[in-house]
Amino acid sequence: MTTDSRPTGVDTPPTPDGPDTPTDPGTTQPATTHPAATVSYVYAISRAGSELDAKAAHLTGLEGGPLRTVTCGELTALVSSVPADSYSEEGMRARLEDLSELEAVARTHHAVIEAAYATTAALPMRLATVYLDDARVRSMLHERRTDFGDLLAWLDGHIELGVKVYADPHEAAAAPPAAAPAPDSAPTGSGRAYLQQRRAQRRQHRDAYRAAGAVAGTVPDRVSALARARVAHRPQQGELAAGPGENISNEAYLVPVERVAEFRQALAGLADDVPGVQVEITGPWAPYSFATPPTTDAGT
């Protein structure tokens, strides 16, 4: 458990999609706590006086606990109480070792955020953003009031859409071949025939990845006029990469709500004529990828 106003944090992806792998918890100072002690877990930040106050009463947070809002000035935080020992730095490190438990925590965390964002503009907090008590939450809101206010204004009226491009050499190999020079004739089963087959497979594999890269390269140009900002995430691997083949491009776009249909239409059919390449659009999500202010170029 943290002993000052700084949160503990574990970066993790948004629900079905999002940031890719957890990182180490943020810097904290351990403290001895009574087993029954609780701390304040922060899910999201919004403007005071929004509909979030009424929404909180109908939401359930981690450990099945009720949610409440903690307000300071023009900002309000969506909060619930959680056991201090389970959500301290040491407790969260233990949860990182149990993927099923970590997934359950992440899903509840993000379900609360999505419900909040459906009501009003809300700034998603990192997984395991924990403070000693509500007084420390108010202090944090006061200290960061300018940053949070500016960021909420920047995000207002926008949602996040994900665009993923996949390369699938097996699908490309199964597609009807284009006209190509016939290979040198060689007896079936001969070493020469085997080498020709292996060369063809390597060529198909290479061509599929090149084609996927070319498709991915056209995405930003097609939607640049429809998105306020873009973030390129690390391609997903393993269980996080649910699409066909290998994820080679994983981008997030901040899109005005009224332009979502245009965004999807701009990418419709982009890879229909490219064997072994798939384009997936996910969302809309709360703007997890844009929860920190843009730096120099809002386009990246």
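Trainee: Hi! Quick one to start: is Asp134 buried or exposed?

Mentor: Asp134 is buried, with a relative accessible area of 18%. Here buried means under 20% relative accessible area, exposed means over 50%, and partly exposed lies in between (1.4 Å probe, protein chains only). Bear in mind that this is a predicted model, where local features need pLDDT of at least 70, side-chain atom pairs count only at pLDDT 80 or more, and totals for chains, interfaces and linings use all residues. Residues are numbered from 1 along each chain as its sequence is written, and side-chain values use heavy atoms, with hydrogens and water left out.

Trainee: Thanks. Which residue forms a salt bridge with Asp134?

Mentor: That is Arg68, with the closest N and O atoms 2.9 Å apart. A salt bridge is a side-chain nitrogen of Lys or Arg within 4 Å of a carboxyl oxygen of Asp or Glu. The pair links distant parts of the chain, since Arg68 sits in strand S3 (residues 68-72) and Asp134 in helix H4 (residues 134-143), 66 residues apart. Helices (H or I, at least four residues) and strands (E, at least two) are DSSP runs, numbered from the N terminus.

Trainee: And how exposed is Arg68?

Mentor: Arg68 is partly exposed, at a relative accessible area of 27%.

Trainee: How many salt bridges are there by this rule?

Mentor: The count comes to five. One of them joins the side chains of Glu89 and Arg93, at 3.1 Å from N to O. Both residues lie in helix H2 (residues 89-96), four residues apart, about one turn of the helix. Glu89 is buried at 18% relative accessible area, while Arg93 counts as partly exposed at 37%.

Trainee: What does Glu251 form a salt bridge with?

Mentor: Glu251 pairs with Arg230, and their closest N and O atoms are 2.8 Å apart. Glu251 lies in strand S9 (residues 246-256) and Arg230 in strand S8 (residues 229-233), so the pair ties together parts that are 21 residues apart in sequence. Glu251 counts as buried at 7% relative accessibility, and Arg230 as partly exposed at 21%.

Trainee: How do S8 and S9 pair?

Mentor: S8 and S9 are antiparallel and share five bridges. For strands to count as paired, DSSP must find at least two bridges between them. One example is Val231, whose bridge partner in S9 is Ala252.

Trainee: What else does S9 run alongside?

Mentor: Strand S7 is joined to S9 by ten bridges, and the two run antiparallel. His158 stands opposite Pro256 in S9, and Lys164 stands opposite Asn250. S7 also pairs with strand S10 (residues 277-285), in the antiparallel sense over seven bridges. There, Val163 stands opposite Ile281.

Trainee: How many residues of S7 are buried?

Mentor: Ten of the ten residues in S7 (residues 158-167) are buried. In a regular strand the side chains alternate between the two faces of the sheet. In S7 both faces are covered: His158, Glu160, Gly162, Lys164 and Tyr166 are buried on one side, and Ile159, Leu161, Val163, Val165 and Ala167 on the other. S9 is mostly covered as well, with nine of its eleven residues buried.

Trainee: Switching topic: how many of the chain's 300 residues count as buried?

Mentor: Of the 300 residues, 43% count as buried. The chain has eight helices and ten strands.

Trainee: Which residues form an aromatic cluster?

Mentor: Tyr41, Tyr43 and Tyr87 form one. The structure holds four aromatic pairs. Rings of Phe, Tyr and Trp (its six-membered ring) pair if their centres lie within 6.5 Å; planes under 30 degrees apart count as stacked, over 60 as edge-to-face and the rest as tilted.

Trainee: Last topic: what is the mean pLDDT of the chain?

Mentor: The mean is 78, and 71% of the residues reach 70 or more. pLDDT is the predictor's confidence in each residue, from 0 to 100. Contact means heavy atoms within 4.5 Å.

Trainee: Where else does pLDDT stay under 50?

Mentor: Over residues 294-300, for which the model has six contacts beyond four places in sequence. Where pLDDT is low, the predicted coordinates should not be read in detail.
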